[in-house]
Amino acid sequence: SNIGSQKERVVTEEEWLQKWEMGNIGFHKEQGHPLLQKYLDVLLNGRSGLRIFFPLCGKAVEMKWLADMGHSVVGVEVSEQAVKEFFSEHSLPYCEEPVPEISGAKMFQSTSGNISLYCCSIYDLSSSVVGKFDGVWDRGALVAVNPRDRQRYASLMISLVEKNSSYLLVTVSYDPNKHKGPPFYVPESEIKSLFG
Ligand code: SAH
């Protein structure tokens with residue numbers, strides 16, 4: 001295996017905040033992700049009114065899509081700028097409140113109530129704060145997690161989903177010796193060992 005070159009790499013929360021400040025957000029897709037459209041049926045599995053989680057959400061436009069379909073969307077994102085840009089770019093009024101269980105965290109919620117974005121580290125969340133989810137859209141999330149934190153991330157995600165949930169995961173395939181990441185290369189064998 002040649003993925004050793006990325007194993008030690010760490011991107012700090014401060015560096016993510018700087019990316020947002022500098023507008024260095026090439027990962028953001030204005031048009032939304034074609035794979036969510038393609039696999040929407042798998043995510044929903046005929047169900048309506050789901051609770052759907054967006055880990056490391058940025059200002060992903062797919063949150064608006066799913067909310068408009070009648071689902072309830074919860075995201076988590078360290079950058080307050082990203083969260084505010086999400087609401088303003090979709091002209092969604094919102095309110096902002098502290099999260100009593102998590103020091104320093106804030107929750108931004110659309111006035112209509114169906115989109116709640118937690119501004120804190122994902123590692124601060126637990127099912128006692130956000131509940132459990134019926135579906136997950138993991139794009140730019142597992143692949144953005146520092147390689148050393150993958151196990152912790154996967155265990156947390158497993159603790160946040162209901163038994164009958166669907167988890168859509170998007171990864172990127174490339175030679176990890178040619179790019180330092182993120183996005184990091186996560187081989188399928190590792191996904192199997194992380195999520196079973
Ligand atoms: N999923 C989004 C964003 C991908 S980029 C999309 O598809 O567009 C990864 C995002 O995770 C960045 O916005 C970064 O600020 C955020 N992030 C990084 N580490 C985080 C952490 N520990 N907790 C919450 N958000 C984090």
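I take a polar contact as a pair of N or O atoms within 3.5 Å; within protein, one must be able to donate a hydrogen and the other to accept it, and residues adjacent in sequence count only if both atoms are side-chain atoms.

**Basis.** I worked on a predicted model, in which local features need pLDDT of at least 70 and side-chain atom pairs count only at pLDDT 80 or more, while totals for chains, interfaces and linings use all residues. I number residues from 1 along each chain as its sequence is written, and side-chain values use heavy atoms, with hydrogens and water left out.

**Confidence.** I looked up pLDDT (the predictor's confidence in each residue, from 0 to 100). The protein chain has a mean of 96, and 98% of its residues reach 70 or more. I took helices (H or I, at least four residues) and strands (E, at least two) as DSSP runs numbered from the N terminus.

I found a polar backbone atom of Arg139 at 2.7 Å from a nitrogen atom of the ligand. A nitrogen atom of the ligand also lies 3.2 Å from a polar side-chain atom of Ser121. On the Trp20 side chain, an N or O atom is 2.9 Å from an oxygen atom of the ligand. The protein buries 95% of the 570 Å² that the ligand exposes when taken alone (Shrake-Rupley method, 1.4 Å probe).

**Backbone.** Leu56 lies in the loop between strand 1 (51-54) and helix 4 (62-68). I then recorded a cis peptide bond between Gly181 and Pro182, with omega about 0°. Another cis peptide bond joins Pro182 and Pro183, with omega about -5°. I placed Pro182 in the loop between strand 7 (161-170) and helix 8 (188-195); Pro183 is in the loop between strand 7 and helix 8 as well.
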